[in-house]
Amino acid sequence: MTDCIVVGAGPAGLTAAIFLARFRRSVVLLDGGESRASLIPRSHNHPAFPEGIRGPELLSRMRSQLGRLGIEPAPLAAGTAHRLPEGLWQIDTTQGPLTARHVILATGVRDRLPDLPDARTHVREGLIRQCPVCDAFEVTDRRIAVLGSEDCAVSEALFLRGYTADITLMTLGQELPETWRQKLAAAGVEVDDRTVRHIEARPESGVTVHLPDGTSRRFDAAYAGLGNEPQTDLARSMGLPLLPDGRIGTDTHQRTALPGVWAAGDVVTGLNQIAVAMAQAEIAATDIHNRLRCREGLSIAQQPETWG
């Protein structure tokens with residue numbers, strides 16, 4: 001049994017584990033696969049890195065920092081979880097159950113990518129992009145496509161219009177509500193609602209959208225405005241209620257609706273940014289440490305359950 005199990009080894013999960021280890025708490029960090037941050041070609045949006053930093057490098061630095069504290073991420077996927085009669089949480093992994101007093105869910109989201117070969121490689125190359133908040137500045141005055149027809153695609157196209165006048169919303173053959181068309185037209189965003197035969201991405205030529213009539217359109221980069229899927233299978237197995245957007249709601253201490261369970265990072269409703277994920281993880285880890293201090297008689301607080 002450990003003080004805390006952290007599920008997910010992206011920026012949020014690694015930060016939580018670093019903080020807990022520095023608080024001298026026992027922690028197990030479960031790494032079930034590739035973090036979304038590992039696809040970032042170079043982030044210029046993360047403070048303190050004026051030349052930008054590659055996602056894999058950032059994760060490597062954080063793993064190294066955690067390793068110096070004697071903790072290595074466990075390459076285990078979390079399957080289901082349930083609360084034990086004594087109030088502890090048991091998480092079933094691919095190599096057996098683990099038990100902890102507290103759990104931090106940092107399971108993130110998975111972006112829906114366009115249907116093209118090796119799409120994840122093209123994300124790493126910066127040809128297929130997923131976050132205008134993160135990198136719209138880097139495509140200033142470039143020729144940009146936004147792929148999709150849902151509200152997230154329309155919102156991204158309008159957001160990007162503040163950076164470039166050459167932007168096209170490719171709806172992939174889907175119709176848009178007239179009110180959206182009017183707003184896009186007023187903003188100067190072109191709408192192309194033709195179906196797409198296939199999409200090709202090459203570092204030397206950018207993104208080429210091939211159309212059924214044999215013609216094609218070339219862009220410097222394309223944003224996948226196809227939405228994402230919060231990774232909440234473990235949360236659902238716990239019985240944790242989700243918000244309408246499918247993500248996890250928390251209070252100001254990153255506590256969820258379940259006792260002993262916190263959440264941080266992109267799986268939590270809010271702004272999907274590395275710095276935000278780290279801050280949420282720091283808040284969650286500190287709250288857990290303070291609760292443990294209270295139980296140990298090392299705090300003037302008497303009722304940690306009423307904090308917040």
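Reply: Start with helix α1 (residues 11-22) and helix α2 (residues 55-68), whose axes come within 10 Å and cross at roughly 20°. That makes α1 roughly parallel to α2. Angles under 35 degrees count as roughly parallel, over 145 as roughly antiparallel, 65 to 115 as roughly perpendicular, and the rest as oblique. Axes are lines fitted to C-alpha atoms, for helices over the stretch in contact, and angles between N-to-C directions run from 0 to 180 degrees. Helices (H or I, at least four residues) and strands (E, at least two) are DSSP runs, numbered from the N terminus.

This is a predicted model: local features need pLDDT of at least 70, side-chain atom pairs count only at pLDDT 80 or more, and totals for chains, interfaces and linings use all residues. Residues are numbered from 1 along each chain as its sequence is written, and side-chain values use heavy atoms, with hydrogens and water left out.

The α1 and α2 crossing is left-handed (the near helix is turned anticlockwise from the far one by less than a right angle; clockwise would be right-handed). On the α1 side, Pro11, Leu14, Thr15, Ala17 and Ile18 meet Leu59, Met62, Arg63, Gln65 and Leu66 of α2. The contact of α1 with α2 has 7 nonpolar, 2 polar and 1 charged residues. Contact means heavy atoms within 4.5 Å. Ala, Val, Leu, Ile, Met, Phe, Trp, Tyr, Cys and Pro count as nonpolar, Asp, Glu, Lys and Arg as charged, and the others, Gly among them, as polar.

Helix α1 also packs with α8, at an angle of about 35° and with their axes 8 Å apart. This crossing is right-handed. From α1, Pro11, Ala12, Thr15, Ala16, Phe19 and Leu20 take part; they meet Ile274, Ala277, Met278, Ala281, Glu282, Ala285, Thr286 and Ile288 in α8. By class, the contact of α1 with α8 has 11 nonpolar, 2 polar and 1 charged residues.

Arg24 sits in the loop between α1 and β2 (27-30). Its phi is near 65°, a positive value in a residue other than glycine. At 79% relative accessibility, Arg24 counts as exposed (over 50%; buried is under 20% and partly exposed in between, with a 1.4 Å probe and protein chains only).

Back to α8, now for its charges. Arg255 and Asp287 meet through their side chains in a salt bridge (2.7 Å, N to O). The pair links distant parts of the chain, 32 residues apart: Arg255 is in the loop between α7 (233-238) and β16 (261-263), and Asp287 is in helix α8 (residues 274-295). Both Arg255 and Asp287 are buried. A salt bridge here is a side-chain nitrogen of Lys or Arg within 4 Å of a carboxyl oxygen of Asp or Glu. The structure holds 22 salt bridges.

Another of them joins Glu190 and Arg217, with the closest N and O atoms 2.9 Å apart. Glu190 lies in strand β10 (residues 190-192) and Arg217 in strand β13 (residues 216-219), so the pair ties together parts that are 27 residues apart in sequence. Glu190 is partly exposed, with a relative accessible area of 37%.
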